[in-house]
Amino acid sequence: MKLTKVVLCLGLACIILAGPANAKSQKVKQKQLYMIGVAVSHLDSLVFISDLQLVKDVTVEKKTKFLMDRQLYSLQLKKHLEAEYQGGPYVCSVFFGTKLKKMERRYLSLHKRYSKGGELRIVLVDQSRFRFKAEEYISQEVTPTANTTPKKKKDKKK
C-alpha cells in the first residue's frame, strides 16, 4: 500500500514538474500578420511604402506577441529596392499587427506623415512587384560558458 502511494506521488510530481518545463521550451508560435514596409532614402528624398500585406506562418513570440527576426523582413524590402531602383542606402522598417482595421489606420497615418510638408516624394511599392515572405525561425538557446560567470564586486574599505 505504501509503495503504491509513493509511486503515485512520484508520478504526479513528474507530471507537475514536466508541464512548466515543456511550456517554457515553446516560447514562439506560428501566426498570420499584416505587414507594411517603409523605406526612406535620405539622399534622394524618397519614401517607399509597400502595400498592406497578409503574411502567413510568421513566427511570433507568445508572451509579447512580437515578430521574431524583424530585421530579416526589413532586409527583404531593402534588397528588393536596391535591385529595382538602384538607389542609395535605404533605411527600412516593418510595421506589423494582427488586426486589419488597425493596420489600415497605420497605413493611412504613415501616408499622411510622409506626404505632409511636401519635402519627400512617396513611391508606392505594389504587391505585384514585392511581397513579404515568411522567414524560417531557428531557435537558439544560450548556453553558459566558463568565462561568463559574473564578477564579484570588491568590498570598499572605509
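You're looking at a predicted model, where local features need pLDDT of at least 70, side-chain atom pairs count only at pLDDT 80 or more, and totals for chains, interfaces and linings use all residues. Residues are numbered from 1 along each chain as its sequence is written, and side-chain values use heavy atoms, leaving out hydrogens and water.

**The positive patch**
- Lys29, Lys62, Lys65, Lys99, Lys101, Lys102, Arg105, Arg106 and Arg113 form a positive surface patch.
- To join a patch, residues need over 30% relative accessible area and no salt bridge, and like charges are linked within 9 Å.
- A salt bridge here is a Lys or Arg side-chain nitrogen within 4 Å of an Asp or Glu carboxyl oxygen.
- The top contributor is helix H3 (residues 100-115), with 5 residues; helices are DSSP runs (H or I) of at least four residues, and strands (E) of at least two.

**Lys99**
- You'll find Lys99 in the loop between strand E4 (91-97) and H3.
- Lys99 is exposed, at 56% relative accessible area (exposed is over 50%, buried under 20%, partly exposed in between, with a 1.4 Å probe and protein chains only).

**The loop between E3 and H2**
- Lys65 sits in the loop between strand E3 (53-61) and helix H2 (70-85), and is exposed at 53%.
- Its phi is near 60 degrees, a positive value in a residue other than glycine.
- Asp69 is in the loop between E3 and H2 too, but is partly exposed, at 23%.
- Asp69 isn't a glycine either, yet has a positive phi of about 55 degrees.

Methods. Patches are made of residues with over 30% relative accessible area and no salt bridge: like charges are joined within 9 Å, nonpolar side chains (Val, Leu, Ile, Met, Phe, Trp, Tyr) within 5 Å. Accessible areas come from the Shrake-Rupley method with a 1.4 Å probe; for residues, only the protein chains shown count as cover. Lys and Arg count as positive and Asp and Glu as negative; His and the chain ends are not counted. The place of a charge is taken as NZ of Lys, CZ of Arg, CG of Asp or CD of Glu.
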